[in-house]
Amino acid sequence: MTEFSTLSIKETITSLKNKDFSVSELVDFHISSMENGRELNAFITETADIAREKASDCDQNYSKGEEKPLEGIPLGIKDMFCTKGVKTTASSKMLENFVPPYESTVTQNLWNDGAILLGKLNNDEFAMGSSNETSFFGEVKNPWKNNKDNFTVPGGSSGGSAASVAAGMGLASLGTDTGGSIRQPASFTGTVGLKPTYGRCSRWGIIAFASSLDQAGPITKTVKDCALLLNSICSYDPKDSTSSQKKIPDFEKSTDESVKGMKIGIPKEYEADGISEDITEYLEKGKEWLTESGAEIVEISLPHIKYALPCYYIIAPAEASSNLARYDGVKFTHRVDADNIIDMYEETRSQGFGDEVKRRIMIGTYVLSSGYYDAYYLKAQKVRAMISKDFKEAFKKVDVIYGPSTPSTAFELGDKKKDPLEMYLNDVFTVPVNLAGLPAMSVPVGLDKEKLPVGMQLIGNSFDEESILSIASCIEKSAKFDLNPNKWWINE
Amino acid sequence: MNNLIKGETGDWEVVIGIEVHAQIVSNSKLFSSASTKFGGEHNTQVSFVDAGMPGMLPVINWVCVEQAIRTGLGLNAKINNYSIFDRKNYFYPDLPQGYQISQFKQPIVGEGSVTIDIDDKKSKTIRIERLHLEQDAGKSLHDQHPEFSFVDLNRSGVALMEIVSMPDISSADEAQSYIKKLRSIMRYLGTCDGNMEEGSLRADINVSVRKPGDELGTRCEIKNVNSIKFIGQAIDYEARRQIELIEDSKIIDQETRLFDPKKGETRSMRSKEEAHDYRYFPDPDLLPLSFSENIIEEIKSELPELPDDKKERFQKEYSLSPYDSNILVSEIEIADFFEAVTKGRDPKIAANWITGEFFAAMNKLGFNIVDSPITIDNLSKLIKLIEENIISKRIAKDVFEIMLENNEDPEEIVEREGLKQVSNSGELEKIIDNIIANNPDQVEAVKLKPKLIGWFVGQVMKETNGKANPKLVNDLLNDKLN
Amino acid sequence: MTIDSKLVERIAKLSRISLTETEIKNLSSELDNILNWIEQLSELDTEGINPVFSSFDEEETKYRNDKVNDGGYREDIISNAPLSEDGFFLVPKVVD
Ligand SMILES: [Mg+2]
Ligand SMILES: [Zn+2]
């Protein structure tokens, strides 16, 4: 039998076309990977039956030669995407049994292209977290253990999405990224993760965390797969007022473009920011690879970037406090009974939300409340404008900005759980991108001394995913990263 | 006119500002494509967006924006071609999103004005502070179950215009005129049907009292008053209540109150555990609302003639009194009806008939002008019969009564019943001569007291079954008796 | 800025979340920490800067036509409600 788990989407499609194996065989393999990998806790809901049923339809399409671009590709979907008739929880007790009667636009795009739902993936509750430890359904384990043989976190909030791909459960997955929730876990798990420009993908049907920052994106094994999924999920959606009508390019093509003559910016501010030695090493290596391929390295400055994190921790909680007001015990599954409406609200929300969600709702409520709005919320939106301007200036000089995805590689489970602030600092490199609405991706470049994957971040100008895909492809070729964690979770 | 209220310590002035919530006339909701129709089966006119389902997003309905612009223009107001939707955050079971999408700092319409009539000669300008767009909430039914309220979201997301006046209103009468005028303008514009029973128009009334010349007093807001009559009662009650409190040396709490129509009282809505803090912020799901100056101009060019202009025209074009004009322009349907009836007829006779007999009959029968049992054509014919002296005013009333029953052609009625006025002087002379001959005493008396001529007129009418042309009878009698 | 338990209770009330004594205590110190860290923004001079509320800056507002083509699926609307009857959502009695 073919070792399906090492194949990329691109290779799988070729094999399916060649009839090397059938979609049903492929899907069966991934279902058993999923079942064997339960210890990772990546999936909240497994949809094996749906997958098997759809697989036989896909096989028919192949035999008729009527296959669609992603025909038969089994994918895991973060549990923030509403999937019609399939439980969608946001990893919260609040939505423990919520079954949406509608399908999100981006997942619908995938199904229209022939992809198959394998299951719904664990994440930090309502996508709030950087380690996938805030989920009501329990923490997700990173397939990569450190060299002390200890469990590490897969990152968050798309921890299940990243872990599942790294572990070969599904060929790729969908995540959401509000402050780094695709790129940080991708970097922790040795996978490729891309957050598109704000507005590229419809937010319709994605459970909202922070509406002005949320964006869907793929987590894949290879850069080309990332481009393939991007081709499918991006679309103009009249149901989302912030969905872009800009033309969507062929992203796959960009992965074959030469980087010769491209200008790569390295922000000088990055050097000051307590990055681990290993990561600094890869930063240097990256420069070499790119220069060797004909790109030019340019030093740039993003003077206000150090304010991005505190800025983000005003804006995101503010929007979240409002977005999560709808979970009040009236319409969706979880409710604590009480004699009067106020008690019902307060008990329902107290018991339905976990600590981190409550903390952020509280911060958000506070920064919007009367007397504090100007000092916090309005101030933050002004700082956001300054950060955006920094990037605009930079992109006058360079095509892509290169730097680390995270200040460190995957930390051990439970390590940063006690101190929320320390956890927040994890997103220092990813958050500025969301504030500015830019596209960015994390590409795996190698392992550090602890044998944990290192990811590097590429940031592009607004609606220029093409440039980062070209650069990512170049780095991928040079780095030759082997996505092959020791499969400790499979006990013979 | 004096609006002061007498208290034990002297005269008091009432200061009133009104926030009107007017439902926009549109097929679908402000941010969703569900129907706005009144009276549908509960929870059937609800989209996933209106129910606040996870991941659902608002998309603005252009017609609602257009309606707000149109209304703003009708209120002589400044239209802001850049405005922002904000979220107003609060918890309530019929507010499914946990926030209302409204406009806070930058509304679509700025300052404007509405003119109300104080009496025949005097009018007053009520300044408008702003008009903004927002969503309506759903409805909670409290009488279905002993323990639970039932929530129906059909109204959730329906487009409203909140129109906020300055505190320029100084009596219950003025408040009522203001609401009537606002409603009339919106009905002319077709932007709000003004149906208060169905909740298409609700008023929040801010009332405070002060001694003339003093600073503004503490105000109370009376929420959601839904009839013109109640608005008057609520203000009168509330002003009295506040005056009595102050005169008793008590403090007025700034609070939200409810009007209880059964008792004719206002009462505190609920003990204020804490002040509301709505945490307004721009809705990140929506872009700023912007449109070009051209669009405003285009809408402006298509506005209908509004009540104030129409009233002026009626006075000029038809030589009507301000009083009659006012009544005729109060509703666009009445104005249109009048103009149709009066075409080619004497406008004064038409106006008198419509505001007099016709309205009285409609009221008595409980009809609205749009479902009048008498057609424009037939009423117009009746006016013509009067105008041409074919029937007398008295006979006209009888004919009208018959018309009310089955909209019969008045000419046919007159013909069939033989009601034509006797305007033949020879015929009338004969009758008059006869009466004079038979009543020598009265003839003597009328020489001393010319007023007694009325007795002779009466006799002639009696002889002719009321059909004699009164003017001709008068002329003939004057000739013969003086 | 110091966040005391009274302020935490006020915010919790606004957020409609009931908190235990311990939670109030913990949140006071956590929020105090976080907000003190956030405070570094005040170093920045933002005088004259226009706030940006969204990074989406496409000019044209998209408008919907005033067509009715949604709604009419009451079962779907109430299907996830914890308590419903006859197509209504049920909530503990609200008295005005
Ligand atoms: Mg108001
Ligand atoms: Zn309002």
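1. Basis. This is a predicted model, in which local features need pLDDT of at least 70, side-chain atom pairs count only at pLDDT 80 or more, and totals for chains, interfaces and linings use all residues. Residues are numbered from 1 along each chain as its sequence is written, chains are lettered from A and ligands numbered from 1 in the order written, and side-chain values use heavy atoms, with hydrogens and water left out.

2. Chain C against chain A: extent. Here 50 residues of chain C touch 74 residues of chain A (contact means heavy atoms within 4.5 Å). The two chains bury about 5300 Å². Carbon and sulfur atoms give 66% of that area. Buried area is the accessible area (1.4 Å probe) that two parts lose on being put together, summed over both.

3. Chain C against chain A: which elements? On the chain C side, helix 1 (5-14), helix 2 (21-38) and strand 2 (88-92) each supply at least two residues. Helix 2 of chain C gives the largest share, nine residues. Helices (H or I, at least four residues) and strands (E, at least two) are DSSP runs, numbered from the N terminus. By class, this side has 29 nonpolar, 10 polar and 11 charged residues. Ala, Val, Leu, Ile, Met, Phe, Trp, Tyr, Cys and Pro count as nonpolar, Asp, Glu, Lys and Arg as charged, and the others, Gly among them, as polar.

4. Chain B against chain A. This contact takes 30 residues from chain B and 40 from chain A. About 2800 Å² is buried, 59% of it on carbon and sulfur atoms. The rule finds one salt bridge. Its partners are Arg203(A) and Asp285(B), with the closest N and O atoms 3.1 Å apart. Polar contacts number 15 residue pairs. Strand 4 (86-89) and strand 15 (281-282) of chain B are the elements that give two or more residues to the chain B side. That side divides into 20 nonpolar, five polar and five charged residues.

5. Zinc site. His21(B) (NE2), Glu134(B) (OE) and Glu162(B) (OE) coordinate the zinc ion (ligand 2) at 2.0 to 2.1 Å. Donors are N, O and S atoms within 2.8 Å of the metal (3.2 Å for Na, K and Ca); water is not among the atoms, so sites may look incomplete. The donor spacing in sequence is H-x112-E-x27-E. His21(B) in strand 2 and Glu162(B) in strand 10 of chain B link parts 141 residues apart.

6. Magnesium site. The protein donors of the magnesium ion (ligand 1) are Glu19(B) (OE) and Glu162(B) (OE), 2.5 Å from it. Glu19(B) lies in strand 2 (residues 10-23) and Glu162(B) in strand 10 (residues 159-165) of chain B, so the pair ties together parts 143 residues apart in sequence.

7. Which residue bridges the magnesium ion and the zinc ion? Glu162(B) does, and the ions lie 4.0 Å apart. Glu162(B) is buried, with a relative accessible area of 10%. His21(B) is buried, at 10%, and Glu19(B) is buried, at 18%. Buried means under 20% relative accessible area, exposed over 50%, partly exposed in between (1.4 Å probe, protein chains only).

How values were computed
Salt bridge = Lys/Arg side-chain N within 4 Å of Asp/Glu carboxyl O. Polar contact = N/O pair within 3.5 Å; in protein donor to acceptor, adjacent residues only side chain to side chain.
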